[in-house]
Amino acid sequence: MKISYYPGCTLKTKAKELDKYARLSAEALGVTMEEIKDWQCCGAVYPTARDEIATKLSAVRALDYAKNNGGKLLTLCSACHNVIKRVNADMKEDENIRFKANNYLALETPYAGETEVIHYLEMLRDVVGFDEIEKKVKKPIGKKIGAYYGCLLLRPGKVMAFDDPENPSIIEDFIKAIGGEAVKYPFRNECCGAYVSLKNEDLPKSRSAAIIKSARDHGAEMLTTACPLCLYNLQKNGGMPVVYFTELLAEALGVKE
Amino acid sequence: MNKQDILDNIKLLSGTDVKKCMKCGKCSGRCPAYKEMDVKPHQFVNYLAEGKLDKLMESKAFWYCLSCMACVERCPRGVAPQGVIEAVRSTFVRMQDNNGVKAEDIPPIVDETVPQQLLVSAYRKYNK
């Protein structure tokens, strides 16, 4: 099957592995990711001030393209997923934002949140199935791995509807499917410090160190994540290997180059 | 705009009803940036409800909010403290010369490992 795919700016630059191993693994699982045309940066953070319109338009353009190309939009970067999914909810539910965004874009048919936004992990769980992945594993990972969710995939829970925001299990289930041992630890859905390093360097340091300590205390030897910024903060401030979940998947499926 | 208009606009931008707050403090209790904040998340909500514009605008804390949504997720009353903090920051940043990040400050702190996501996020949050 084919699915429209939104890569995002970081996956074309500093997080090429996240993208590359996702594509290789998807092919091995029978899914072709078709990069959408002329996509623009999503803005990386969802603007919560209720009068923001212009900062949401790039997401709406991508959503409208996907609406006319299969009806689903696959995301991979946690930040892109958060922005695009929340903007989609606005276009569906907020008349004021929908009206103004459509006035500006002047699409042939106004966009009203019709596209289904799915994250790569949701695709693995709901479209491919973790059972199917387990059957296709050639090299079980065999390591004690802590799932690091961070914030963007889970919150706000009502909009993201990704998993239980306080007790998620999708990445642990993924780790088990590829033959790893999933280590649960309390800080797996706590913030790494995000973008604040431009204002305060100590905050990402202390937050990331607390996450790594929590994972280590519970027996993890490495962490896996879907977010380039989390990976950066954790690697810089942690002292534990952190890899993209798609790299583990490609390794397990025997397609890692 | 007079003081009341500015407060009303902050309420509008916040997208939340601060009167629903029951002052349990759970938002501040789970805030990962609590220690760095001079005004805490529950105080943002409280000051807005009480119309204390000066307290909100003089705060430095809105630079440290990570938009991690822990406060929004965990509020038992469905209030969004992050929405209030972002509304105050937006109100401040949208005034002339109030950008939080200056371009000339970026090169010394950027190395080849810094992801685009960090810079785009920070510019979106701190500048207009």
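**Figure 1. Secondary structure and overall form of chain A.** Chain A of this predicted model holds 11 helices and eight strands. Helices (H or I, at least four residues) and strands (E, at least two) are DSSP runs, numbered from the N terminus. The radius of gyration of chain A is 18 Å, close to the 18 Å that the globule rule gives for 257 residues, so chain A is as compact as a globular protein of that length. That radius is taken over C-alpha atoms, and the globule rule is 2.2 Å times the number of residues to the power 0.38. Along the principal axes, the C-alpha atoms of chain A fill a box of roughly 55 × 45 × 30 Å. Buried residues make up 54% of the 257 in chain A. A residue is buried if 20 or more other C-beta atoms, placed from the backbone, lie within 10 Å of its own; it is exposed if 12 or fewer do, and partly exposed in between.

Residues are numbered from 1 along each chain as its sequence is written, and chains are lettered from A and ligands numbered from 1 in the order in which they are written. Local features need pLDDT of at least 70, side-chain atom pairs count only at pLDDT 80 or more, and totals for chains, interfaces and linings use all residues.

**Figure 2. The two domains of chain A.** Domain 1 spans 2-120 and domain 2 spans 132-253. These bounds come from an automatic or database domain assignment. Taken over C-alpha atoms, the domain centres are 23 Å apart. Across the boundary, 21 residues of domain 1 are in contact with 18 residues of domain 2. Contact means C-beta atoms, placed from the backbone, within 7 Å. On the domain 1 side, helix 1 (16-28) and helix 3 (78-93) of chain A are the elements that give two or more residues. That side divides into 11 nonpolar, six polar and four charged residues. Ala, Val, Leu, Ile, Met, Phe, Trp, Tyr, Cys and Pro count as nonpolar, Asp, Glu, Lys and Arg as charged, and the others, Gly among them, as polar.

**Figure 3. Helix 5 of chain A.** This helix covers residues 120-128. Its buried residues are Tyr120(A), Leu121(A), Met123(A), Leu124(A) and Arg125(A). They pack against helix 1, strand 3 (72-75), strand 4 (116-119), helix 6 (130-136) and helix 8 (170-177) of chain A. Just after the helix, Gly129(A) takes a positive phi of about 95°.

**Figure 4. Where chain A meets chain B.** The contact takes 36 residues from chain A and 34 from chain B. Helix 9 (202-217) and helix 10 (228-237) of chain A each supply at least two residues of the chain A side. Helix 10 gives the most, with three. The chain A side divides into 20 nonpolar, nine polar and seven charged residues.

**Figure 5. Helix 3 of chain B.** Seven of the 10 residues of this helix (residues 41-50) are buried, so it is largely enclosed by the rest of the structure. The buried ones are Pro41(B), His42(B), Gln43(B), Phe44(B), Val45(B), Tyr47(B) and Leu48(B). Their cover includes helix 1 (3-14), helix 2 (26-29) and helix 6 (81-93) of chain B. Gly51(B), just after the helix, takes a positive phi of about 75°.

**Figure 6. Surroundings of Leu234(A).** Leu234(A) touches Tyr148(A), Cys192(A), Ser208(A), Ile211(A), Ile212(A), Leu223(A) and Val242(A), not counting residues up to four places away in sequence.

Note on methods. Two residues are in contact if their C-beta atoms, placed from the backbone, lie within 7 Å.
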